[in-house]
Amino acid sequence: MSGFSGLRAWWAGRPPAAGAAVMATGILSVGLHLTGDETLSRVALVLTGLGWIALAADFALRLAGERQRWVTEAESPGALTAVAATTVLGTGLSTPGLQTLAAALLALSALLWPVLLVLVMGHWKRRMPGAVFLCCVATQGLAVLAATLAVAEGTAWLAHTALVLFWLGLVLYGVALPRFDARQVLEGPGDHWIAGGALAISALAGAKLLLAGDGRLYLWDGDDRAVLVTATVVLLVLDLACYVVLLAAEAVRPRPGYDMRRWATVFPMGMTAVATLSVAAAVGLPWLRGPGRVLVWVAVAAWLVTAAGAVRAARAGGGDG
């Protein structure tokens with residue numbers, strides 16, 4: 001019983017940013033699908049779905065029974081993981097053809113997004129952690145899922161909506177950047193990696209838009225496509241550069257031990273891998289597939305290490321697990 005009590009205490013103390021675990025697992029499912037590892041991809045997708053259901057139930061219960069706590073948590077940047085996790089799961093479900101479920105998750109995330117975005121941005125401060133970039137991540141998550149469904153369903157208006165969200169996400173990144181405390185690169189507990197993850201998901205959104213335009217839908221003329229290609233490639237280059245800088249900072253200033261915010265490290269790693277593979281396909285750069293595959297397995301290793309830490313924290317009833 002003591003173990004169960006510890007697990008319950010750990011669950012009750014979860015911060016809103018716990019949704020990053022669902023995001024990290026979901027994007028690994030997408031990455032493993034792109035590398036052809038279908039069995040592992042499906043396992044990761046099932047884990048993502050189970051995690052999302054648990055977090056969604058907790059979200060609803062807190063809204064109904066702990067209204068003040070819900071409002072307080074909804075004002076923190078981590079609350080936007082609810083939107084991002086929902087869009088990542090939707091993108092994963094679209095892969096095996098579950099378009100109705102994916103569309104339902106797009107609708108749900110579209111309803112949550114403006115509410116949480118306003119609450120979060122209304123309580124921004126100076127010198128914030130990397131979670132400040134979740135405003136961009138959540139927005140680009142909507143763009144990715146909308147563009148994915150546009151390809152699957154042949155729906156032009158979804159692609160055009162995704163394009164608007166893509167540019168809005170980049171604007172939000174620019175708005176968040178001055179508020180990011182650069183010292184987090186050397187001192188952050190894990191969520192500082194979202195600075196790179198936001199660039200990665202933006203590059204993925206650009207790649208999805210390019211693939212949508214190259215399909216049976218006529219969406220972008222030559223000039224529009226050229227702008228999208230340039231923006232997408234630049235975003236990927238910036239993301240990879242950020243990845244290298246953040247990895248070097250971890251080597252210079254190691255931060256051992258488990259922290260819930262380490263899931264926000266795994267997600268950008270996985271997203272960078274998926275963005276690299278997707279841009280390779282969208283822009284016609286096959287040589288990027290090799291590095292993309294390597295990055296997928298680096299993200300898998302990071303996921304395993306973080307998951308092991310989470311299990312230990314849960315058993316101990318740690319509040320930051």
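Residues are numbered from 1 along each chain as its sequence is written, and side-chain values use heavy atoms, with hydrogens and water left out. Because the model is predicted, local features need pLDDT of at least 70, side-chain atom pairs count only at pLDDT 80 or more, and totals for chains, interfaces and linings use all residues.

**Exercise 1. Describe how helix α2 packs against helix α5.**

Step 1. Find the helices. Helices are DSSP runs (H or I, at least four residues), numbered from the N terminus. Helix α2 covers residues 19–34 and helix α5 covers residues 81–94.

Step 2. Recall what to report. Two packed helices are described by the angle between their axes and the distance between the axes. Axes are lines fitted to C-alpha atoms, for helices over the stretch in contact, and angles run from 0 to 180 degrees between N-to-C directions.

Step 3. Read off the values. The axes of α2 and α5 come within 8 Å and cross at roughly 20 degrees. That makes α2 roughly parallel to α5. Angles under 35 degrees count as roughly parallel.

Step 4. The α2 and α5 crossing is left-handed. In a left-handed crossing, the near helix is turned anticlockwise from the far one by less than a right angle.

Step 5. List the contact, meaning heavy atoms within 4.5 Å. From α2 come G19, A20, V22, M23, G26, I27 and V30; from α5 come T81, A84, A85, V88, T91 and G92.

Step 6. Sort by class. The contact of α2 with α5 has 8 nonpolar, 5 polar and no charged residues. Here Ala, Val, Leu, Ile, Met, Phe, Trp, Tyr, Cys and Pro count as nonpolar, Asp, Glu, Lys and Arg as charged, and the others, Gly among them, as polar.

**Exercise 2. Describe how α2 meets helix α13.**

Step 1. Helix α13 runs over residues 289–316. The axes of α2 and α13 come within 10 Å and cross at roughly 145 degrees.

Step 2. The crossing of α2 and α13 is left-handed.

Step 3. A24, T25, L28, G31, L32 and L34 of α2 meet R289, V296, W297, A299, V300 and W303 of α13. The contact of α2 with α13 divides into 9 nonpolar, 2 polar and 1 charged.

**Exercise 3. Are S29 and S278 buried or exposed?**

Step 1. Set the cut-offs. Buried means under 20% relative accessible area, exposed over 50%, and partly exposed in between (1.4 Å probe, protein chains only).

Step 2. Take S29, in helix α2. Its relative accessible area is 3%, so S29 is buried. Leaving aside neighbours within four places in sequence, S29 is in contact with S41, A44 and L45.

Step 3. Take S278, in helix α12. At 8% relative accessibility, S278 counts as buried. Not counting residues up to four places away in sequence, S278 touches L34, L204 and A207.

**Exercise 4. Classify A110, I53 and R127 by accessibility.**

Step 1. A110 lies in helix α6 (residues 99–121). With a relative accessible area of 38%, A110 is partly exposed. A110 and T25 are 85 residues apart in sequence and 21 Å apart in space, C-alpha to C-alpha.

Step 2. I53 lies in helix α3 (residues 38–65). At 52%, I53 counts as exposed. I53 and E153 are 100 residues apart in sequence and 25 Å apart, C-alpha to C-alpha.

Step 3. R127 sits in the loop between α6 and α7. At 59%, R127 counts as exposed. Its phi is near 55 degrees, a positive value in a residue other than glycine.

**Exercise 5. How long is helix α7, and how enclosed?**

Step 1. Helix α7 (residues 134–153) has 20 residues. From first C-alpha to last, α7 reaches 28 Å, close to the 28 Å expected at 1.5 Å a residue. The expected span is 1.5 Å times one less than the number of residues.

Step 2. 17 of the 20 residues of α7 are buried, so α7 is largely enclosed by the rest of the structure.

Step 3. Just after α7, G154 takes a positive phi of about 65 degrees.

Definitions and conventions:
Helix = DSSP H or I, 4+ residues; strand = E, 2+ residues; numbered from the N terminus. Parallel < 35°, antiparallel > 145°, perpendicular 65-115°, else oblique.
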